[in-house]
Amino acid sequence: MKGAHRVIVETKKIKYDFVVKRNITILTGDSGSGKTVLIDYIRDYRRYGADSGVFVSCDCDCRTLDNEDWERQLEEITGSIVFIDEGNRFLPTQRFAELVQQSDNYFVIATREKLPMLPYSIKEIYGFRESGKFRHTKQKYNEIYHLYGEISNSDSIEPEYVITEDSNSGFDFFSSLSAEKHINCISANGKSNIIKRLQEEKICGTVLVIVDGAAFGSEMRDVSKYLEAEKNIVLYAPESFEWLLLASNTIPHLNVSAILEQPENYIDSAKYISWERYFIDLLIDSTKDSPLWRYAKKKLPAIYSSPKVIKTVKKVMKLIVWD
Amino acid sequence: MLTIVYGDAENSIYNTSVYFKNSYESEWFDSELAKEIVRDVDHSDVLSGECIQSPVLGQIPPERLSGGVKTLLLMLNEPDKIFNASTCGDNCAKWILEIGKRQDITINLRHMMDFGMNTRFDIVIKNGGEVVHSMKELIPVASQYLNAMRQEQD
């Protein structure tokens, strides 16, 4: 499945109106904010249609998935948005993760639980809040809102130490960038090691942690709470390192601006579990015929550490002062 | 005292909503603490042991309370059992600490609950026996055990 899909779910009492645009969307946040109510409404609508008193509008099927017979149902559903509430024991299983990876559906999951096998984006983690807008006096409007942004800071920062999630090309690039600035750059060797590395390193000054936002969702809660408890650490989470290179518009004869503006229209959920993988493939495929620019994930080709590329990537990294 | 098991906990109740639906007793709503929890978390009033006044949904039965409130009521009334407290949002954390002050409870957490960055507490982490007193102490310990949690096999 591709594209952005607007979902409206409405009763006389509550209205929900939001857009789903990646294969995995997480609904989380405070108790009593209306996550289960939303899923109950969709279940009622599926069972009873107009008799339910629920109105659902979407350009594709919206359905719910519960414990009973979930595996068979999931194998049969296609082209739908599948809503799953917390409390389903299959959510943290390997089998569920496998079926999501091959699925032509989008999934909206109400949970606070870490699901490390599902590489979901920090940008698709939402909370609900009452927005105070009313269509008529009795109806309350539940608004969806982003819990995390691309950068954890609202002011500009000047890094004095860099930690990358990546240990391959991304690390090579940020090592070169950090060397230019005469600051240290280390790799955490994986997204689940960030807190451990922050604890191990004896660091003075402002630390910039760089991760691939497109697949960092399961770690985001832990790391953002660690950042709240400790000072002088900023998290920067662009979609991925390859996205940064593509967005910098520095590679000759490569114009992917239309894709980067609305990736959801190009990325098939059945083929790509995460946008991170798509941007790697896009960069590799777009540069494969150029001996100079041919990209490799394992080892960064020299051209990508050139002053010109570094300069253009720095411009994309808003709020981070390198010079 | 509050004890937490991070990750997978044997014999814990994972789907607290279903357990609550089939186990709650109307007397549970007689206590002032239960009424206060319902008011604070769900902004609702207890009319009786079988009827809650919600500002959004109108009069509802207890099984339509939020997942967080239902789990808090289970912790309060069945302290010998271990409930999945990842069904509780951060707005339930102060009530978990409060219940833990009144009686010994053990809960299961599968995410990083925020008990308040400026709150002091005494929590035992059952996984390794650590005792922590602040979020600054708790986060690295909890993170270690949450990372060790592997996706369960079917």
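Helix 2 (residues 32-42) of chain B packs against helix 3 (residues 67-77) of chain B at an angle of about 160°, the two axes lying 10 Å apart. Helices (H or I, at least four residues) and strands (E, at least two) are DSSP runs, numbered from the N terminus. Axes are lines fitted to C-alpha atoms, for helices over the stretch in contact, and angles run from 0 to 180 degrees between N-to-C directions. Helix 2 of chain B and helix 3 of chain B are therefore roughly antiparallel to each other; angles over 145 degrees count as roughly antiparallel, under 35 as roughly parallel, 65 to 115 as roughly perpendicular and the rest as oblique. Their crossing is right-handed. A crossing is right-handed if the near helix is turned clockwise from the far one by less than a right angle, and left-handed if anticlockwise.

The model is predicted: local features need pLDDT of at least 70 and side-chain atom pairs count only at pLDDT 80 or more, while totals for chains, interfaces and linings use all residues. Residues are numbered from 1 along each chain as its sequence is written, and chains are lettered from A and ligands numbered from 1 in the order in which they are written.

From helix 2 of chain B, the residues B:Leu33, B:Ala34, B:Ile37, B:Val38, B:Val41 and B:Asp42 meet B:Gly68, B:Val69, B:Leu72, B:Leu73 and B:Leu76 of helix 3 of chain B. Two residues are in contact if their C-beta atoms, placed from the backbone, lie within 7 Å. By class, this contact has nine nonpolar residues, one polar and one charged. Ala, Val, Leu, Ile, Met, Phe, Trp, Tyr, Cys and Pro count as nonpolar, Asp, Glu, Lys and Arg as charged, and the others, Gly among them, as polar.

Helix 3 of chain B also packs against helix 4 (residues 93-102) of chain B, where the axes come within 10 Å and cross at roughly 5°. That makes helix 3 of chain B roughly parallel to helix 4 of chain B. Here B:Leu72, B:Met75 and B:Leu76 of helix 3 of chain B meet B:Trp95, B:Ile96 and B:Ile99 of helix 4 of chain B. The residues of this contact comprise six nonpolar, no polar and no charged.

Chain B as a whole has five helices and nine strands, in the order β-β-α-α-β-β-β-α-β-α-β-β-β-α from the N terminus. With 154 residues, a compact globule would have a radius of gyration near 15 Å, and the 16 Å of chain B agrees with this. The radius of gyration is taken over C-alpha atoms, and the globule rule is 2.2 Å times the number of residues to the power 0.38.

Chain A contains 10 helices and 13 strands. Its radius of gyration is 21 Å, close to the 20 Å that the globule rule gives for 323 residues, so chain A is as compact as a globular protein of that length.

Chain A is divided into domain 1 (5-146) and domain 2 (161-316); the bounds come from an automatic or database domain assignment. The centres of the two domains, taken over C-alpha atoms, are separated by 30 Å. In their contact, 20 residues of domain 1 of chain A touch 16 residues of domain 2 of chain A. The side belonging to domain 1 of chain A has nine nonpolar, five polar and six charged residues.

The contact between the chains takes 30 residues from chain A and 37 residues from chain B. On the side of chain A, helix 3 (94-101), helix 5 (194-200) and helix 6 (217-229) each supply at least two residues. The largest share of that side, six residues, comes from helix 6 of chain A. The side of chain A divides into eight nonpolar, nine polar and 13 charged residues.

Helix 6 of chain A and helix 5 (residues 135-148) of chain B have axes that come within 9 Å and cross at roughly 160°. That makes helix 6 of chain A roughly antiparallel to helix 5 of chain B, and the crossing is left-handed. A:Asp222, A:Lys225, A:Tyr226 and A:Ala229 of helix 6 of chain A make the contact with B:Met135, B:Lys136, B:Ile139, B:Ser143 and B:Leu146 of helix 5 of chain B. By class, this contact has five nonpolar, one polar and three charged residues.
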